[in-house]
There are 2 protein chains.
Amino acid sequence: MTDHLAAVLDRIDADLDKSLERLFEFIRIPSISTDPAYKEVCRRAAEWLADELRELGFDASARTTEGHPMVVGHQVQPAKGPHVLFYGHYDVQPVDPIELWSTPPFEPTLVEAPDGDTWIVARGASDDKGALMTFIEACRAWRAVSGELPIRVSILLEGEEESGSPSLKPFLEAFRDELAADVALVCDTDMWDNDTPAVTTMLRGLVGEEVEITCASRDLHSGMFGSAARNPIHVLTEILAALRDAEGRITLAGFYDGVQELPAAVKEQWSRLPFDEAGFLGQVGLSIPAGEKGRSVLEQIWGRPTCEINGIVGGYTGEGFKTVIPSKASAKVSFRLVTGQDPAKVREAFRAHVRAAIPADCTVTFKEHGGSPALSLPLDGPWLKPTLDALTQEWGREAALAGTGGSIPIVGDFKRLLNMDALMVGFARFDNRVHSPNEKYDLSSFHHGIRSWARILAAFAR
Amino acid sequence: MTDHLAAVLDRIDADLDKSLERLFEFIRIPSISTDPAYKEVCRRAAEWLADELRELGFDASARTTEGHPMVVGHQVQPAKGPHVLFYGHYDVQPVDPIELWSTPPFEPTLVEAPDGDTWIVARGASDDKGALMTFIEACRAWRAVSGELPIRVSILLEGEEESGSPSLKPFLEAFRDELAADVALVCDTDMWDNDTPAVTTMLRGLVGEEVEITCASRDLHSGMFGSAARNPIHVLTEILAALRDAEGRITLAGFYDGVQELPAAVKEQWSRLPFDEAGFLGQVGLSIPAGEKGRSVLEQIWGRPTCEINGIVGGYTGEGFKTVIPSKASAKVSFRLVTGQDPAKVREAFRAHVRAAIPADCTVTFKEHGGSPALSLPLDGPWLKPTLDALTQEWGREAALAGTGGSIPIVGDFKRLLNMDALMVGFARFDNRVHSPNEKYDLSSFHHGIRSWARILAAFAR
């Protein structure tokens, strides 16, 4: 079967214009999931995909949910070997502010890029229509050349990713047996840089907490009560300032329990691969990494647990001045977790830290805002090495192991509900203006993306 | 002249009902200064006072300003001896929320108090109509008995105290020579407790500062930039937490330069006089003094310099959670100063403290919100001892030397513009509900207040 790979890659090259035409047709369906006015349009996008999949031999349908339809397709041949579930989403972000678009957002336009590449400019060109079509076009080429796919493939395409995926969990739970596979493939991430492919293997977890401190039973005049009456803003700032030490480490008891140093191979690769620390911070007007001392920016954002204060408020915050001692002050605090950390324990350590600093005549209340553990793809599992090899061959550059500081909820859902690891491979560039006007996808992302998936499917068949 | 005192006091007792009637007539003029609808009413109150003063032999008039009129009166006899300027205000606070009043706010009502006293319930009964009438009625009794006042008296009554006194400074500057006297008498403060009279001799100064810290050039997603990008809320909380040490002392360089310990006599008196620390804090739901360790609550609120954070805001503060790293965070901070501290130096020390903690790639801006030095009446000057003696005789309790943590701007204006110390003597009780519904003044405050001023005028004549 894998003997066909060279022919498959040739076929992809030869058919690129047709692949692009299909992508354009798909993009022209303005499937904005958050706007109820586009409900029928979203269904049309789902039906379009189901038709495409059926044409490729999938047993596929657009299944009704309480929100937008889920497209599910299965190809049961070959009966042996690994079974993968590919995930993508057919919905797109709204286009506002429309006046900032240079071309109509749902009329894909080819634009010559400064670096000689070609940009496909349109809403959804990158996120996620262009990306998911790389996988479908790879399947098409395989089928055209060999009559079947090299491994067993199922596909799940949702239409609510840009609006919080409300139907996804219930759907995964209801069709657990049908959707479970050996590994999930997710195509919604970035390249390492413009030339270097990447597999995202580390996703940090998150613990969100809101804390409100109450001192006096009402707001007080600081002239009358100042200094003698406890000020909750003082208490809060002391608690929050004490969360980090001078080295940038989090001070909560037991916070680093279970945290492992990055594998040496990853650290070594990160130090070798190009990453423009100055440029990364410089794009937002900063120059000095703020996290743990002695850690690179990449370690800080992908590989280490952290704490951020995301909001704080207390007292008088309007124009001018009021000499008030407020009754209450509050803050929203989040922790990003890495593998080995237990969200429940981190939350409890934070609450203990706060409670220990609350004077006996004051009170504190907590509100929980989500908690999820970090996820990481085993470096020594059966999926990573063949994927890295396939990407390295396609792009002519050593493929990188990347992390992401943000969360990709579907990956956690796959793990928790279907006990399935996810392999995150994406071809997006950092400058794709995802969610913004003039979103684009490089033609090279699309072309080499299709070829990359063709190689990965072959590699899994070995 | 002072031989008349006994007769004057008798006269006050005999005429109390008539004094009360005049106060009621005055209270019934609803002179709310902040509401433009009451402009003519305020003028009526001013004219009513000028009439009263003329009846007592003052050369008096209600003088037009850009705001509400100033009532000024002079009595030039006797030509020898000290000259005092009495200050009060005829305007009152609005009455909202009106539904919480048990009786109509501008219809004074006598109510039997739980302790056997009688309350005069009305807006302005205490602040400041009842208080200023104690002085006028004392003058009336003196004049009735002896045909003239024992010392030279001028009177200044403004109508904008409850709305920021915009006309006061220009008026003092314009009539500097006319208004300058040997000492000012201000009747707008409290008793020590229900039975103990007090002279307020210490007023703390104030420095207000607003600080805004900017890190990144825009709000960032904490998943993408968290830890590597500087968070201005972290920076701000560290700066604010470091303003006080574990002993509750302010850490700014040079902050305590020039600060003297309280005179031993004052400290000794404060430790001897009744003050219910537990009750003071307990009324607002607290029990543990929060200021400098080893200092009493009275020292903390009256006699020591402090720092309060009056407001703080940054990041997402609405419902729910956003994993944002904001670009900016800001706080409003105030310092209360005691004698010996220079507001300009304190402001500069604060700014230096902040600047030293700002990372090189972040910026800070400051906004000044007022600055005034502390004021204190010399303990060994010519005014304090006779006043304390007079009050002690009237109330049968040793009169106390009090401070106040808040500011009374008129006192600073008298000092700066007319180079005149102010003697603050007041008969209000803590529970007078000043500025609130059901404001009241105790009949005993009114009665013994009139008698107290009669004694003070006599004491100054000696």
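A:S227 lies in the loop between α7 (222-225) and α8 of chain A, where helices (H or I, at least four residues) and strands (E, at least two) are DSSP runs numbered from the N terminus. The phi angle of A:S227 is near 85 degrees, a positive value in a residue other than glycine. Most residues other than glycine have a negative phi, and most peptide bonds are trans. The model is predicted, with local features requiring pLDDT of at least 70 and side-chain atom pairs counted only at pLDDT 80 or more, while totals for chains, interfaces and linings use all residues. Residues are numbered from 1 along each chain as its sequence is written, chains are lettered from A and ligands numbered from 1 in the order in which they are written, and side-chain values use heavy atoms, with hydrogens and water left out.

Two cis peptide bonds are described in chain B. One joins B:D96 and B:P97, with omega about -5 degrees; B:P97 is found in the loop between β3 (83-89) and β4 (109-112) of chain B. The other runs from B:D127 to B:D128, with omega near 5 degrees, and B:D128 is placed in the loop between β5 (118-121) and α4 (129-146) of chain B.

Chain A is superposed on chain B by a rotation of 179 degrees with 0.3 Å of shift along its axis, at an RMSD of 0.4 Å (least squares on the C-alpha atoms of residues with pLDDT of at least 70 in both copies). The two copies are thus related as by a two-fold rotation axis. Of the interface residues of chain A, 100% are also interface residues in chain B, so the copies meet through the same surface (contact means heavy atoms within 4.5 Å).

Helix α8 (residues 232-241) of chain A packs against helix α8 (residues 232-241) of chain B at an angle of about 115 degrees, with the axes 8 Å apart. Axes are lines fitted to C-alpha atoms, for helices over the stretch in contact, and angles run from 0 to 180 degrees between N-to-C directions. A:T237, A:E238, A:L240 and A:A241 of α8(A) and B:T237, B:E238, B:L240 and B:A241 of α8(B) make the contact. By class, the contact of α8(A) with α8(B) has four nonpolar, two polar and two charged residues (Ala, Val, Leu, Ile, Met, Phe, Trp, Tyr, Cys and Pro count as nonpolar, Asp, Glu, Lys and Arg as charged, and the others, Gly among them, as polar).

Within chain A, helix α3 (residues 39-55) and helix α4 (residues 129-146) pack at an angle of about 25 degrees, with their axes 10 Å apart. α3(A) and α4(A) are therefore roughly parallel to each other (angles under 35 degrees count as roughly parallel, over 145 as roughly antiparallel, 65 to 115 as roughly perpendicular and the rest as oblique). In this contact, A:W48, A:L49, A:E52, A:L53 and A:E55 of α3(A) meet A:L132, A:M133, A:I136 and A:R140 of α4(A). These residues divide into six nonpolar, no polar and three charged.

Helix α2 (residues 16-27) of chain A also packs with α3(A), at an angle of about 155 degrees and with the axes 10 Å apart. That makes α2(A) roughly antiparallel to α3(A). The contact is formed by A:R22, A:E25 and A:F26 of α2(A) with A:A45, A:W48, A:L49 and A:E52 of α3(A).
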